[in-house]
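Trainee: I would like to go through this model with you, one question at a time. Shall we begin with a pocket?

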Amino acid sequence: MSEGDLAVARINFVRQQTLEPQPPPSSMTGPVGWLRENLFSTPFNIVLTILIALLFLWIVPDMLRYLIFDAVWSGADRTVCLITPERPVVGACWPFVFERLPYFIYGSYPIPERWRVDVFFVMLAVAIVWLLWLNAPRRDLGVIYAFVVTPVCSYILLSGWSLIGLPKVDTVLWGGVLVTIVVSAVGIVISLPLGILLALGRRSAMPAVKLFSVIFIEFVRGVPLVTVLFMASVMLPLFVPEHLSPDKLLRALIGIAMFASAYMAEVVRAGLAAIPKGQFEGAQAVGLGYWQMMRLIVLPQALKITIPNIVNTYIGLFKDTTLVFIVGIFDLLRTIEVSRIDPKWAAPSTSATGYAVAAFFYLICCYGMSRYAQETEKRLRKADRR
């Protein structure tokens, strides 16, 4: 065959029309594709998936039997949750939870005034949804509502104000989920701005500011949270006049905020260290001042980098709020501890049932924070690709 014939053959071999796009193989899409990619992609993943499946098969059936199938769902006292010859197997004692649930939520907050706690929960939920929902209208007003209106109104609602007819409720009577939410919300809201200031102070060129930031961060991070809470509870009143001494809950809030801000400072500092030096030089080249550079250029990038670490700190803080019961504050875990020794409900399964309630509460809250952080990371990655 001559060279001309070969050239003609090559031309004829090239397809002149574009083929219609074909669907991907069924083994690569849908549930089968997801399983192949995430659970059975490598021999190690296959072994790990099988081991985890066996672990679930070992744990989940017993858990379901205890919490649901063998559980007691109605009754007036401990007798329904005791093992008897007629009922040799007794699971969770849910009547105990149903009766003590208001105490788990409100603590000793006066019953006629508990509507104020309900309003606080609703206001907090609206603030969270308004901030986290990306398509929410007027999110600028949402920021004002969440960080100005909600704290002020919540303080007036929960503590009381005689001028508007709300009787005062001492924080000693607060307890349960109310205290857990208040302590964690205050710690989460305050720790980030304080952490940013401490991180910037640690990188500051001013010796006094840098020294103060380093001493504060290293001192607080060098002691357990229990020690910080004891110091806040015992030593803080020594630095103010007796008539201005903060109550027990406020001392715990100050201790939690100090502790969380020190850890958050190191998280933010790690993000700042990851920003290329050219970003700082470029911002200075266009005439931006220090605070403009940080607000517009550096901090948005640093916080985006450290989102996983920030959320991890928040989750740890949310769980660490259980330690406030050591200084005599009745959070959710403390109310369960007190309720489980009630002679009316003292049964072998009462303690485990109460702890299961606490576990579900913390699991739902922490998992929700984790999932939202993951979605935020995905959204930011997509924005970077554009």
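Predicted model: local features only at pLDDT ≥ 70, side-chain atom pairs only at ≥ 80, totals over all residues.

Trainee: Which element gives the largest share of the lining of the second largest pocket?

Mentor: Two or more lining residues come from each of helix H7 (177–202), helix H8 (207–221) and helix H12 (290–305). The largest share is five residues, and the element that gives them is H7.

Trainee: Is Glu266 buried or exposed?

Mentor: Glu266 sits in helix H10, residues 248–273. Leaving aside neighbours within four places in sequence, Glu266 is in contact with Arg202, Ile217 and Arg221. Its relative accessibility is 17%, and the cut-off for burial is under 20%. Glu266 therefore counts as buried.

Trainee: How far apart are the end C-alpha atoms of residues 252–272?

Mentor: In the unreviewed UniProt entry, residues 252–272 are one of the spans annotated "transmembrane region". In the model this span is 100% helix and 0% strand. Its end C-alpha atoms are separated by 30 Å.

Trainee: Why does Lys168 count as exposed?

Mentor: Lys168 is placed in the loop between helix H6 (139–159) and H7. Beyond four places in sequence, Lys168 touches Ser159 and Gly160. A residue is exposed when its relative accessible area is over 50%. Lys168 counts as exposed because its relative accessibility is 67%.

Trainee: What is the C-alpha distance between Lys168 and Ile156?

Mentor: Along the sequence, Lys168 and Ile156 are 12 residues apart. In space, C-alpha to C-alpha, they are separated by 9.2 Å.

Trainee: Which residues does Gly160 touch, not counting those up to four places away in sequence?

Mentor: Gly160 is also in the loop between H6 and H7. With a relative accessibility of 21%, Gly160 counts as partly exposed. The residues it touches are Arg116, Tyr155, Leu166, Pro167 and Lys168.

Trainee: How far apart are Gly160 and Cys366 in space?

Mentor: Gly160 and Cys366 are 206 residues apart in sequence. From C-alpha to C-alpha, the separation in space is 31 Å.

Trainee: Where is Ser108 found, and which residues does it touch beyond four places in sequence?

Mentor: Ser108 is in the loop between helix H4 (94–106) and helix H5 (114–132). Its relative accessible area is 42%, so Ser108 is partly exposed. Not counting residues up to four places away, Ser108 touches Tyr103 and Leu173.

Trainee: What separates the C-alpha atoms of Ser108 and Leu288?

Mentor: Ser108 and Leu288 are 180 residues apart along the chain. The C-alpha atoms are separated by 54 Å.

Trainee: Finally, how far apart are the C-alpha centres of domain 1 and domain 2?

Mentor: The chain is divided into domain 1 (33–69), domain 2 (110–168) and domain 3 (183–329). For domain 1 and domain 2, the distance between C-alpha centres is 42 Å.

Key
Residues numbered from 1 in each chain as written. Heavy atoms only, no water. UniProt positions renumbered as here; feature names shortened; annotations may be inferred. Domains from an automatic or database assignment. Buried < 20%, exposed > 50% of the residue type's maximum accessible area, 1.4 Å probe, protein only. Contact = heavy atoms within 4.5 Å.
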